[in-house]
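Biologist: Hi! Please put the model up on the screen, and let's chat about its aromatic rings.

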Amino acid sequence: MSSSLWRAAHLWLAIISSVFLLIASVTGAILSFEPIYQKAHNYHIDNADDLSISDVIDNISSVQGEVLNITRDKNGFVAVQSITSDTPFYVNPFSGEKIGDVIRTPEIFEFCRTLHRSLLLGQTGRFLIGLTSVVLLFIALSGFFLILKKQGGLSQYFSKVVKNDFYKDYHTRLSRWLILSVIVLGISGTYLFLERFNVVLVPTLDHQVNETALTDGPAEPIATFTTFNTILLGDLREINFPFADFPDEYYELKLRDKELLVNQFNGEVLSEVSYPIVQLIYQISFNLHTGEGTTIWAAILGLTGIGTLFFIYSGFKIFLKRDRSKIVNPFSKDDCSMVILVGSEQGSTMRFAKALQAGLLKSKAKVYLTSLNNYEAYQSIEHLFILTSTYGVGEAPASADKFFQKLADKRQPRSYGYSVLGFGSKAYPDFCQYAIEVDLKMQQVAEAKPLLPLYKVNEESKPEFMTWLGAIGQVLHQKITINDKDLAAAKKKQLSFKVSQKQDSQNNADQTFYLELKTSKKTLKDYRSGDLLEITPPDETRERLYSMSVDHEKSTIGLSIRKHEAGICSTFLGDQISGNKLYGRLKSNPEFHFPKEAPGVILIANGTGIAPYLGMLAESSLSQHVSLFWGGQNKASYQLYESRINEALANGKLNRVYTAFSRENGTKEYVQDAIAKELDNITTALNQGYVVMICGGLNMQKAVENKLDAHLKSSSGISVETLKTRNQIKADCY
């Protein structure tokens, strides 16, 4: 099944069932508190499950008199119905004393249960909710498959989600953790639905008792019943006592996996019937679906219900942002000598394609624009331009997943020139992978001749797009003019910042500078060091993200930036002087906040990755042990941060500093080399609950994690991935 089919199934199943999923999620989240509410009454008696049934009956009967029924619920609470009581009550199995009345279910839970099971519509509602469980299962399975495709397989399942759109990012991040519990809910709900409507038949237990062989001799003490002495309370669900002293009245025992009928006079087992597998599966499904008897699973189910509400909301937000922009073609496809084919998932690539169409139309060309999936024969084609993004890990975007098949099926009536332009992000390992595959396919088409080699645009860079456009203009011997507003994305609300300080590294050693920006206390009140500043340079459509330090007392944020030769945003920021105004947006990054609760923290960075740590040091407490590992080119690079680091050392906020220089006095040492010298100490610290934070380049992160992983596995048997799931390793690298 292709990715496009999985995506379509995931989307349309969610849309069709959204109302029912909304009701089920809200009521399910509320109902998850019922097991917690019951457990809070604490009528469970420690070690009582190890008592034999005979001891329990003796203990209770000696205090409560004639007993009609004893039950043990999933919480381990033992309830008794005696002949002298109108309602059952809880008892202590050791003493037989009453310890409380049976818990009455609050009306809110009763109402939610009815709504959750039947939508207040009786059998019709039960069917609709059951069908919703089936749909939920398929949504969860398709979602799991899409996560695997996006992350690059199971081994990369918990790898960093490249920052993009808030709703897309957290739709993926949360689903990675909750998808298993959603699948469990889908499977268990589906099974309960099938059992309810007799698709799965649970046979009635058939006890065969030889009535003629029953004896009523003198009653022996229960303590002599072998069966009652061997069965423990922990295995019991219910005992129904004989109502009268007749041979055909017997004890009925319901255990975890079977039922027994026991002679009331001598303890002989008259019938023993094991529950069929379908009934055992039903019991397991019921427990998994409701969380009865366990507060931990009930809490997970509650979080899953709340998470599902977020999935519904964020899913619709993603859907509404999808590319549904109307394409206007002033000429028919067969009248056009130029054809633009576009593969777009969220609409940004389509924006560039429309700008190209507008520019070509201005030059009096006849242009036809459509999606890659609409590829067909074009009678007047001379030039073909393909603009496409990549979905997930090397996959086709939604509007291009049928292109290869159509390219094989449709032949053009004449030879033509083509150019492929890929859009993507270098933050992903498969940068523009689908565009690469399209270009390779086009090279195999006999009538297609390349106008240019494959071009790639990183993060919607306008200059990179204009470079390609200029090259196309030269090939076509015509000037193509693009209107800036055609390339402009929807404007986001910007905050203003004032440059209060710009400090360059000594002798401009490595083109690095520290930028301090002033803003208001109100603006910063909800942000911390490790959060992000989003800057969009002038004449650019794509924002850049910088990890920042925050000083709430001074109402400033700090950025450490390396000026790259072709870096548009770093050059723009490097040209700023004190007093200038900048505009940008703040983005929360809670996964990379300083862990104030940890006994110690090990900060690892190379180059400009040190920026958030300069603010985090102020958040550390004197009781925490904080170490800093930093790697740079030379000591001149380090001097840019040295005064702030020395201040933290002096006031006890920082305990140790380890540096590594790759271009100092002929030596070549990287931060991972400094880590290698301290692996024993770092492993000991991690075993004590310390947290490691890594910020900087992806290559550095991989090198550090590889060294840690190898040492941890050999010394303590744990892995870096395990520590990441425990939140003991946090990374923010690019």
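Biologist: Which residues form one aromatic cluster?
Modeller: Tyr368, Tyr375, Tyr378, Phe403, Phe404 and Tyr434 do. This is a predicted model, where local features need pLDDT of at least 70, side-chain atom pairs need 80 or more, and totals for chains, interfaces and linings use all residues. Residues are numbered from 1 along each chain as its sequence is written, and side-chain values use heavy atoms, leaving out hydrogens and water.

Biologist: How many aromatic pairs are there in the whole structure?
Modeller: The search finds 31. Rings of Phe, Tyr and Trp (its six-membered ring) pair if their centres lie within 6.5 Å; planes under 30 degrees apart are stacked, over 60 edge-to-face, the rest tilted.
Modeller: Phe352 and Phe465 are an edge-to-face pair, 4.9 Å centre to centre with 70° between the planes. Phe352 sits in helix 10 and Phe465 in helix 13, so the pair ties together parts 113 residues apart in sequence. Helices here are DSSP runs (H or I, at least four residues), and strands are too (E, at least two), numbered from the N terminus.

Biologist: Are Phe352 and Phe465 buried or exposed?
Modeller: Both are buried (under 20% relative accessible area; exposed is over 50%, partly exposed in between, with a 1.4 Å probe and protein chains only).

Biologist: And what about Trp630 and Tyr641?
Modeller: They pair edge-to-face, 5.8 Å centre to centre with 70° between the planes. Trp630 is in strand 23 and Tyr641 in helix 18, 11 residues apart. Both Trp630 and Tyr641 are buried.

Biologist: New topic! What is the helix content of residues 296-316?
Modeller: That span is 100% helix, and its end C-alpha atoms lie 30 Å apart. Residues 12-33 are 95% helix, with end C-alpha atoms 31 Å apart.
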